[in-house]
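Trainee: I am new to this structure and would be grateful for a close look at a single part of it, the open sheet and its surroundings. Please set that part within the chain as a whole.

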Amino acid sequence: MTNKNKVIIRKVQDYDPKIIKDIILDGLKELGVSGKIGGRITIKPNVVMAHHKIAPTAYTRPEFIAGLLDALKEVGSKGTEITLAEKCGTGLPTSRMLRRAGYYKLKKSHNLKIRPIEEARKKRIKLHKGRIHEELTTSVEIVDNDLLIYTPKLKSNVLAQGLTASIKLNVGILLDKERMWQHNFNLEEKIVDILEVGYPDLIITDGIEMSFGGNQLTQHGIYLGIIIMAKNPVAHDAVCAHILNLVPEKITYLRIAQERGYGSLDLKDIDISGDISLKDLQEKTRDFDLGYMNVKDVKCGFHIFCGEPYCTGGCHGVFLDWLYMVKDRKPKLWEKLPEWTVVIGKYKGDVRAKRVMLIGTCTEVLGKLEARSKFRVKGCPPRHKDLVLWLFLRAGIVNPLFRIDLILDSYLFLFFSWCRRFFRGRL
Ligand code: SF4
């Protein structure tokens, strides 16, 4: 008998729901949870954004969820009810993103209930261990269930020091206002606070096609061919970090989660099993450039000045993520960006330039600022949607997100979603 947390890594050829189902069934057995499948089950995927053209690879694929649903059906007790709950990012309506991700097809075929979190019944929960959040609001499905299953997408994320796996997924149980609140230098503590409410019983990660190296929404995918299963989120994320050749102890929110007693990052405390070794996977990902860097080091047409605080999860990270969004679809655009000087944070020095953009509410030049034109994108940090809009309106930069169908999603369908919430009393 061992007290180590188990993490299973299984090879899989492609997104065949039948194969995925069989692998998940094996995993449930090995983790000792096969007999506990029943009652009200909530699945939380990663659908921060989905779009067939510009965001095709950075979300948990519906075939993966179909395989999971088939597995749960096979071992689940009679009367098992399964609900999928999610809140997407970028200020878009979740119902649109889940539709674009192909999840609504599973509603009929698998008798799945789908709950965009902003449109669901909510619960306000007091936290006992929170350092940033004293309380938070999420949907009842996340809180009141018999089994909470997280199905993250394995991907890199420059806002989260390189990695998004199960713990960072928790930001997606919050509503927009609370999600962006303290999404700055406090992001790491905030992420760990949310674990008190969003603590999964089971994690099953889609690493069949992982995505990396760019913007968390629009970056490219590559076949990695694995499913990762675990019960402990810290052990799970530590293994994911190692798979990407990252050092888990250097990822602040993982270190904080360990310090707060949620689990150990040490591989000596983790029992890794499966049919592919960590070493083989590290070899596969050895040359992957995850894109995590200081935003001032980006070589593009902009001159970027960084000041304090350096907010990896805030303005600095969001602007870096915006730059990647431009590059993901138009790799040559970085060199052709118009000559603007960008200031992020409180910059100790003088700035003399033709055109200056200040990113973030707290940003200022502490020395002399001389510029013919300047503008500020407000927010702590600004939302992607606002960056996309303001950089188009003021700097004339057309971002790939600037598409008619996404503009309709962002404004018209967002209004419809607001109406549904209003009439159901769920604002
Ligand atoms: S405004 Fe931006 S730089 Fe300033 S604290 Fe907020 S996120 Fe950080």
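Mentor: Among contacts in the protein chain with a separation of 6 or more, 70% join residues 24 or more positions apart. The model is predicted, and its protein chain holds 14 helices and 15 strands. The radius of gyration is 21 Å, close to the 22 Å that the globule rule gives for 427 residues, so the chain is as compact as a globular protein of that length. Along the principal axes, the C-alpha atoms fill a box of roughly 70 × 50 × 40 Å. Of the 427 residues, 50% are buried.

Within this chain, the part you ask about is an open sheet of four strands, paired in parallel in the order β12-β13-β14-β15. The edges are formed by β12 (303-306) and β15 (369-377); each has a single partner strand, so one side of each is left without a neighbour in the sheet. On average, neighbouring strands of this sheet are turned by 25° against each other, direction ignored.

The pairing of β12 can be followed in detail. Four bridges join β12 to the parallel strand β13 (residues 341-347), and I304 has V342 in β13 as its bridge partner. Helix α11 (residues 315-329) packs on the sheet, where it touches β12, β13 and β14 (351-365). The direction of α11 makes about 160° with that of β13.

Strand β14 supplies three residues, the largest share of the shell around the ligand. Among the residues that surround the ligand are G345, G360, T361 and C362, together with P309, C311, C380 and P381. By class, this shell has seven nonpolar and five polar residues, and no charged ones.

Most peptide bonds are trans. The bond from E308 to P309, however, is cis, with omega near -10°, and P309 lies in the loop between β12 and α11. The bond from C380 to P381 is also cis, with omega near -5°; P381 is placed in the loop between β15 and α13 (384-395).

Elsewhere in the chain, Q161 is not a glycine, yet has a positive phi of about 55°. Q161 is found in the loop between β8 (153-155) and α6 (176-180), and counts as buried because 23 C-beta neighbours lie inside 10 Å.

Methods: Residues numbered from 1 in each chain as written. Predicted model: local features only at pLDDT ≥ 70, side-chain atom pairs only at ≥ 80, totals over all residues. Pairing = 2+ DSSP bridges. Helix = DSSP H or I, 4+ residues; strand = E, 2+ residues; numbered from the N terminus. Axes fitted to C-alpha atoms, helices over the stretch in contact; angles between N-to-C directions. Contact = placed C-beta atoms within 7 Å. Near = placed C-beta within 6 Å. Nonpolar A, V, L, I, M, F, W, Y, C, P; charged D, E, K, R; others polar. Rg over C-alpha atoms; globule rule 2.2 N^0.38 Å. Buried ≥ 20, exposed ≤ 12 C-beta atoms within 10 Å, placed from the backbone.
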